[in-house]
Amino acid sequence: MLVRLIYASRSTTPITSELVKQILDAAHQHNPERGITGVLCYGDGVFVQALEGGRTEVNALYQAICRDSRHRDVTLLTYAEVDQREFACWSMAQAPLDKKNAALLLRHSSSPVLDPFRLSGQTTSRLLSELGSSGGLRSKG
Ligand SMILES: Cc1cc2nc3c(=O)[nH]c(=O)nc-3n(C[C@H](O)[C@H](O)[C@H](O)COP(=O)(O)O)c2cc1C
């Protein structure tokens, strides 16, 4: 059974390329063996991550991520059983919400600043999907 979980959190320190690299290195090391795919989106001190895979594996990873002191206010946005993956090609894609993706953000939100704590889970989910289909994702930074 496949599930997709999307959460938002606030970084406890400014989100530097070094911090993103550390997180993605862990993801690329662990996610393939656990059959996890997804995307990590970040900007303005906020993370949004989609995790896809088996229910047991996704739940275990989410619990580990919740305990990570590099972020706080970890908030579950959506959790659903799904027929197929949206990010099947990425053990963890990355999507900086910079100028390049600002137009996409504006399509879904009243502000060009990413604030998933104010958007509905459904809107955030659509935003991540469109990042995937519009070529806004990178595999490694
Ligand atoms: C925003 C965020 C996203 C993360 N995403 C993942 C992930 O997709 N996969 C993963 O294994 N660890 C992820 N981590 C790291 C885990 O919380 C944990 O530190 C890591 O899995 C432990 O790996 P290690 O035992 O190699 O140190 C993430 C951490 C943060 C703060």
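**The ligand and its surroundings**

The largest pocket is the space that the ligand takes up. Please keep in mind that this is a predicted model. Around the ligand there are 16 residues, and H30, N31, Q49, D68 and R70 come nearest.

- N31 places a polar side-chain atom 2.8 Å from a nitrogen atom of the ligand.
- Q49 also faces a ligand nitrogen, with an N or O atom of its side chain 3.1 Å away.
- For R34, a polar side-chain atom lies 3.4 Å from an oxygen atom of the ligand.
- Of the 610 Å² of accessible area that the ligand has on its own, the protein covers 76%.

**Make-up of the shell**

- Three elements each supply at least two residues of the shell around the ligand: α1 (17–34), β3 (46–54) and α2 (55–66).
- Helix α1 gives the largest share of that shell, with six residues.
- Sorted by class, the shell holds nine nonpolar, four polar and three charged residues.

**Aromatic rings**

- One aromatic pair turns up in a search of the whole structure.
- The pair is formed by Y7 and Y62, and it counts as tilted because the ring planes stand at 50°, with the centres 5.7 Å apart.
- Distant parts of the chain are linked by this pair: Y7 belongs to strand β1 (residues 2–11) and Y62 to helix α2, 55 residues apart.

Terms used: Residues numbered from 1 in each chain as written. Predicted model: local features only at pLDDT ≥ 70, side-chain atom pairs only at ≥ 80, totals over all residues. Heavy atoms only, no water. Near = heavy atom within 4 Å. Polar contact = N/O pair within 3.5 Å; in protein donor to acceptor, adjacent residues only side chain to side chain. Areas by Shrake-Rupley, 256 points an atom, 1.4 Å probe, with all protein chains shown as cover. 1 Å grid on protein atoms, 1.4 Å probe; cavity = no way out; pocket = protein on both sides within 12 Å on 5 of 7 lines; lining within 4 Å. Sits in = over half its atoms within 2 Å of the grid points. Helix = DSSP H or I, 4+ residues; strand = E, 2+ residues; numbered from the N terminus. Nonpolar A, V, L, I, M, F, W, Y, C, P; charged D, E, K, R; others polar. Phe/Tyr/Trp six-rings, centres within 6.5 Å; stacked < 30°, edge-to-face > 60°.
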